[in-house]
Amino acid sequence: MSNLRIRSLRLAKGLTLAELASASQVSAGMLSQVERGLTDPSLETLRQIARVFSVPLFELFTDPVDMSTVSVTRKGEHIEISSPATAIRYGRLSAPGRNLEVLHGRLAPGGVSSSAVRSHPAEECIVVLAGTLHVDFKESQITLGPGDSAHYDSRIPHRMMNTGEQEAEFIISVTPPSH
């Protein structure tokens, strides 16, 4: 799980807990608890840690794969993360270590993907499967229903919101994988 991968990434970079804490702006105590599997970090904490290691968020959960092979992820084997604070859940459908990340997302009514709009150097395409998803950009907002899609430059600050009464379900593809 994430505790073993975070520790191995930290040690591979030659960082102490204090150095990782300073670089990620996550307390050394929290990092120690995460590495020992005593607590589950928030989605934002995982993002902060992933940025320090310059790896996509989901890479904190798995070891890299051989790029020369065909990767198959069977139903039920998807790595999932969630954020109770924002009511979002992601399951990674694509293999780790590749240039394209495909996620299956679910956003509860009233939920948001992050507390504020954020950007990252990537390109995204969202396809809504069920419910209604609002994509809030810094200066505009679009509403997507089942079968609708949006493709955009992720350097534009954005976040997803569900203002509907049912869970929004969607597929999102990101290249390169987001940190």
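Predicted model: local features only at pLDDT ≥ 70, side-chain atom pairs only at ≥ 80, totals over all residues.

Residues are numbered from 1 along each chain as its sequence is written, and side-chain values use heavy atoms, with hydrogens and water left out.

Some terms. Helices (H or I, at least four residues) and strands (E, at least two) are DSSP runs, numbered from the N terminus. Two strands pair if DSSP finds at least two bridges between them.

Back to that pair. Strand β4, residues 123–130, and strand β9, residues 168–175, run antiparallel and are joined by 7 bridges. They belong to an open sheet of 6 strands in the order β1-β2-β3-β9-β4-β7, with antiparallel pairing. At the edges are β1 (80–83) and β7 (149–153), each of which pairs on one side only. From one strand to the next the twist averages 20°; the axes behind such angles are lines fitted to C-alpha atoms, for helices over the stretch in contact, and angles run from 0 to 180 degrees between N-to-C directions.

Is isoleucine 172 buried or exposed? Isoleucine 172 is buried, at a relative accessible area of 4%. Buried here means under 20% relative accessible area, exposed over 50%, and partly exposed in between, with a 1.4 Å probe and protein chains only. Leaving aside neighbours within four places in sequence, the contacts of isoleucine 172 include Tyr90, Val102, Leu103, Ile126, Tyr152 and Met160, where contact means heavy atoms within 4.5 Å. Arginine 92 is 80 residues away from isoleucine 172 in sequence, and the C-alpha to C-alpha distance is 9.7 Å.

Next, the other sheet. In it, 3 strands form an open sheet in the order β6-β5-β8, and the pairing is antiparallel. β6 (141–144) and β8 (158–161) are at the edges with a single partner strand each, so one side of each has no neighbour in the sheet. Neighbouring strands of this sheet are turned by 20° against each other on average, direction ignored.

Take the two pairings in turn. β5, residues 133–137, runs antiparallel to β8 and is joined to it by 4 bridges, with valine 135 opposite methionine 160 in β8. β5 and β6 also pair in the antiparallel sense, over 4 bridges. In β6, glutamine 141 is the bridge partner of aspartate 136. β5 and β6 form a hairpin, with 3 residues between them.

Now the helices. Two packed helices are described by the angle between their axes and the distance between the axes. For α2 (residues 17–24) and α4 (residues 43–53), the axes come within 9 Å and cross at roughly 105°. The two helices are therefore roughly perpendicular to each other; angles under 35 degrees count as roughly parallel, over 145 as roughly antiparallel, 65 to 115 as roughly perpendicular and the rest as oblique. α2 contributes Leu20, Ala23 and Ser24 to the contact, and α4 contributes Gln48, Ile49, Val52 and Phe53. By class, the residues of this contact are 5 nonpolar, 2 polar and no charged. For those classes, Ala, Val, Leu, Ile, Met, Phe, Trp, Tyr, Cys and Pro count as nonpolar, Asp, Glu, Lys and Arg as charged, and the others, Gly among them, as polar.

Which residues of α2 are buried? They are Leu20, Ala21 and Ser24. Seen down the axis of α2, they fall within an arc of 100°, so they line one face of the helix; the arc is that of the directions from the helix axis to the C-beta atoms. The face turned away from the buried side of α2 carries the exposed residues Ala18, Ser22 and Ala23.

In α3, residues 28–35, the buried residues are Leu31, Ser32, Val34 and Glu35. Down the axis of α3 these fall within an arc of 160°, so they too line one face of the helix.

Last, the backbone. Glutamine 25, in the loop between α2 and α3, has phi near 60°, a positive value in a residue other than glycine. Glutamine 25 counts as exposed at 69% relative accessibility. Alanine 87, in the loop between β1 and β2 (88–92), has a positive phi near 65° and is partly exposed at 28%. Just after α3, glycine 37 has a positive phi of about 75°. Finally, the peptide bond from threonine 175 to proline 176 is cis, with omega near -10°, and proline 176 lies in the segment after β9.
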